[in-house]
Amino acid sequence: MKRPFLVALLVPGLLPAFAVAQHASAPQPRMEWREVAFNFGDVYHQEKYVHAFLFRNMGPAALEIKAVNPSCGCTAVKFDRVVGPGQTGQVELSIDGAKVHGSFDKSAAVESNDADQPHLVLKVIGREIPYVNVQPEGTVHLQGRYGEPIEQDVTITSNEKDLDLKVLGVTSNLDDKITYAVDNGTGPGEYRLKIYKNPKLPALSTYGSIQVHTNSTRMPLSTVPVHVMTKSSISMSPTVLNYGEVAFANAQGKQTPATKTITLTRPDGRFQIKDVTVSNPNYKATVDAVTPGLQYRVQVTFTPPLRKQGKQTEAGELVIHTDDPQEPAMRVQLIAHSL
């Protein structure tokens, strides 16, 4: 007696087709989104920028959101994990306002069991505008050589349409390195902040800020970051000597020294290296005149000490003393790690 059903199962191709048919008939969820992108537009500063993306499950099976992965650490997410047929759910994105400066563009990838769109990206964009507007934005860079006059102008206006902006005062933590003055700008409610670098500063690089006090109740204090730098007339390369990972000694007399070179050059004028000092006795420095008065080579040899622990670091500072009154001491960081 023949068994048609059993024969059918043994015929090549029938079982896969049967399985596919069974799978295709299984109910599936289907997400329908109200929107997948949202534009905050121009907005004043907020502690958090929050938007909820709404969707409906239009399929006959339960929808599962497996994960929502934001594009950066400043974005937090909350979402409904299971949404039944015909029900609505949401994915909420929350952006930390402290991490937003100017235009922003954030996204989050949604992973779900919707077979048609298992991976979908939600996006929020916008532009944060301050109550008090300082242009140009960002850090004011005052960089120049000794004796060179360096200045920069900053324009201050208000984005509050109902405010007659007044600058009440200006303070700074860089008063020994810069001077500044406030004048009226070219239009009503506009001010011009002029910032000058002290031309007599020796070679240095330092950061600080200027605080602008205004009559805005929403933003009474605006901070202008400032970078002050007097460029060296003596070029030095490199400025850090990193010996990397070195075999430290296991017994006295088994060390293998390593030597690196620093080159100092002055393209205009002359200078002399008076002496060099090193803070760590495992480093020794010698000076050779390549072109006396114009270029010198400092060779620094590191002799690894005895190993005292598994991972060991030897750091130090090389100070090169010159006869230049603006650059009497040039500093180089030294570092080596044990293998």
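## Salt bridges and cis peptide bonds

E317 and R331 form a salt bridge in which the closest N and O atoms are 3.2 Å apart; the term denotes a side-chain nitrogen of Lys or Arg within 4 Å of a carboxyl oxygen of Asp or Glu. Because E317 belongs to strand β24 (residues 313–322) and R331 to strand β25 (residues 329–338), the pair ties together parts that are 14 residues apart in sequence. Strands (E, at least two residues) and helices (H or I, at least four) are DSSP runs, numbered from the N terminus.

The structure is a predicted model, in which local features need pLDDT of at least 70, side-chain atom pairs count only at pLDDT 80 or more, and totals for chains, interfaces and linings use all residues. Residues are numbered from 1 along each chain as its sequence is written, and side-chain values use heavy atoms, with hydrogens and water left out.

E317 is partly exposed, at a relative accessible area of 25%, and R331 is also partly exposed, at 47%. In this classification, buried means under 20% relative accessible area, exposed means over 50%, and partly exposed lies in between (1.4 Å probe, protein chains only).

A search of the whole structure finds twelve salt bridges. Side chains of opposite charge can pair when their charged atoms come close. Among the salt bridges are the following.

| Salt bridge | Closest N to O distance |
|---|---|
| E317 and R331 | 3.2 Å |
| E190 and R192 | 3.7 Å |

K194 is partly exposed, with a relative accessible area of 22%, and D153 is partly exposed at 27%.

E190 forms a salt bridge with R192. E190 is buried, with a relative accessible area of 18%, whereas R192 is partly exposed at 23%. Salt bridges that share partners join D153, E190, R192 and K194 into one network.

Two cis peptide bonds are also described here. Most peptide bonds are trans. The bond from Q135 to P136 is cis, with omega near 0 degrees, and P136 is found in the loop between β10 (132–135) and β11 (140–145). The bond from S237 to P238 is likewise cis, with omega near -5 degrees; P238 is placed in the loop between β18 (235–237) and β19 (240–246).
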